[in-house]
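Please look through the model shown below before reading on. The paragraphs after it go from the whole chain to a single site.

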Amino acid sequence: MSNQQPTPLVGAASPQVGRATGFELASPGQPNAAAGIGSALERNRAFAAAGGHQGAVVFPNLRLFVITCLDPRVDPAHFLGLDLSDAMVVRNVGGRVTAEVINDVAFIDQIAGNALPDGPLFEVAVIHHTQCGAGALADDTFRRRYAERIGADESSLRAHAVLDPEATVARDVERLRSAPAISPRVSMSGHVYDVLTGLVKTVIPADH
Ligand SMILES: [Zn+2]
């Protein structure tokens, strides 16, 4: 994996670390010379020059498919120590198992099933986390405005909130296990990442 450390949005010594969702940490008023794709592209040049892309394979080394939150604190390349080609990763708000995510798993299920006629295919690990910003969907005003903005049904968005990550991850693993589009050759597990300790706790062990 990359040896580069994640760049904090603001100074690491912010006194507000640990508050609610963490969005309070972003200070749009403070200019950040490294903001945007520019500095990331410089890192890409170094990555390619060092041959970081070489030896990558399309079927993941760990036979692992991770579903987790898009929160920048929750990057599985870092907290799971994933190297290039180790896992497939889908990230969205909260790391929720939506209809679209089920379709993505089914897609890989079908491709892997064609390549491997028998036996287990891969494991899907759903990882929710503490202090998740998806908790904002439990706020009536926020949820109403967001539902209006995206043209969604407000009541369905309430269930998308992550307030108790152990409970929501259990629900999402169940949703995957009961999805007819996913074959029994795919196993599922559920976990919670604690952003304060850096540790992952397994809530639902893999079924096979
Ligand atoms: Zn989150």
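**From the chain to the zinc site**

The protein chain has an accessible surface of about 12200 Å², of which 57% belongs to carbon and sulfur atoms (Shrake-Rupley method, 1.4 Å probe; for residues, only the protein chains shown count as cover). This is a predicted model, in which local features need pLDDT of at least 70 and side-chain atom pairs count only at pLDDT 80 or more, whereas totals for chains, interfaces and linings use all residues. Residues are numbered from 1 along each chain as its sequence is written, and side-chain values use heavy atoms, with hydrogens and water left out.

Six helices and five strands make up the elements of the protein chain (DSSP runs, H or I of at least four residues for helices and E of at least two for strands, numbered from the N terminus), and their order from the N terminus is α-β-α-β-α-β-α-α-α-β-β.

The zinc ion is coordinated by Cys69 (SG), His129 (NE2) and Cys132 (SG) at 2.0 to 2.3 Å, where donors are N, O and S atoms within 2.8 Å of the metal (3.2 Å for Na, K and Ca) and sites may look incomplete because water is not among the atoms. Cysteine 69 lies in strand β1 (residues 64-69) and histidine 129 in strand β3, so the pair ties together parts that are 60 residues apart in sequence.

Histidine 128 also lies in strand β3, which spans residues 122-129. Its side chain reaches the backbone oxygen of glycine 95 at 2.9 Å, and a polar atom of that side chain lies 3.3 Å from the backbone nitrogen of valine 169.

Key
A polar contact is a pair of N or O atoms within 3.5 Å; within protein, one must be able to donate a hydrogen and the other to accept it, and residues adjacent in sequence count only if both atoms are side-chain atoms.
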